[in-house]
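Dear colleague,

My findings follow directly after it.

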Amino acid sequence: MKYIGLDLGSRTLGVAISDELGFLARALDTYRFKDDDYDSAIDYTIDLCKKEKVNTVVLGFPKHMNGDNGVRCQISVDFKQKLEEKSDIKVILEDERLTTVIVDRAMLSGNVKRKDRRQKKDEMAAVVILQNYLDKKSF
């Protein structure tokens, strides 16, 4: 079973996809939208899930380091609810604390150019979010 992973920002949606067996995540795309136009991101996600024949999405849940839920968490919850209301897609919220740090360190150690890091950061964060979920699911 394939999964799609999402890293939701205020203007970008990083997207990752798993292999057919649901073991490995890879970067797929970064969807860019107008500030806070989450409806556009939802429509994009629905179309992508249809195209890729995916019915489960793993959405990053950006808790604060102390475990509190902030404004970004509520945005993710709202995104999840709207996506599930408009489609038959199941959305799983996955803690995404430290994903940006992991991605930044990996790209720096791989000598990725600054411009490329900016362009790929969101989809690489989606890869980490999705891979974390897949790793936990397989145990």
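The helices α1 and α2 cross in a right-handed sense. This and everything below refers to a predicted model. The two helices pack at an angle of about 50 degrees, and their axes lie 10 Å apart. On the α1 side, the contact involves Tyr38, Asp39, Ala41, Ile42, Asp43, Thr45 and Ile46. Their counterparts in α2 are Arg72, Ile75, Phe79, Lys82, Leu83 and Lys86.

Helix α2 itself covers residues 71-86, 16 residues in total. From its first C-alpha to its last it reaches 23 Å, close to the 22 Å expected at 1.5 Å a residue. Its buried residues are Cys73, Ile75, Ser76, Phe79 and Leu83. Viewed down the axis of α2, these buried residues fall within an arc of 160 degrees, so they line one face of the helix.

Strand β4 contains Val57. With a relative accessibility of 0%, Val57 counts as buried, since the cut-off for that class is under 20%. Leaving aside residues up to four places away in sequence, Val57 touches Ile4, Leu6, Thr45, Cys49, Ile89, Lys90, Val91 and Ile92. Thr45, one of these, is also among the α1 residues that meet α2. Val57 and Lys2 are separated by 55 residues in sequence, while their C-alpha atoms are 9.3 Å apart in space.

Asp36, in the loop between β3 (25-32) and α1, has a phi near 60 degrees, a positive value in a residue other than glycine. Asp36 is partly exposed, its relative accessible area being 47%. Lys53, in the loop between α1 and β4, likewise has a positive phi of about 60 degrees although it is not a glycine. At 73% relative accessibility, Lys53 counts as exposed.

Yours sincerely

How values were computed: Residues are numbered from 1 along each chain as its sequence is written. This is a predicted model: local features need pLDDT of at least 70, side-chain atom pairs count only at pLDDT 80 or more; totals for chains, interfaces and linings use all residues. Side-chain values use heavy atoms; hydrogens and water are left out. Helices (H or I, at least four residues) and strands (E, at least two) are DSSP runs, numbered from the N terminus. The expected span of a helix is 1.5 Å times one less than its number of residues. Buried means under 20% relative accessible area, exposed over 50%, partly exposed in between (1.4 Å probe, protein chains only). The arc is that of the directions from the helix axis to the C-beta atoms. Axes are lines fitted to C-alpha atoms, for helices over the stretch in contact, and angles run from 0 to 180 degrees between N-to-C directions. A crossing is left-handed if the near helix is turned anticlockwise from the far one by less than a right angle, and right-handed if clockwise. Contact means heavy atoms within 4.5 Å.
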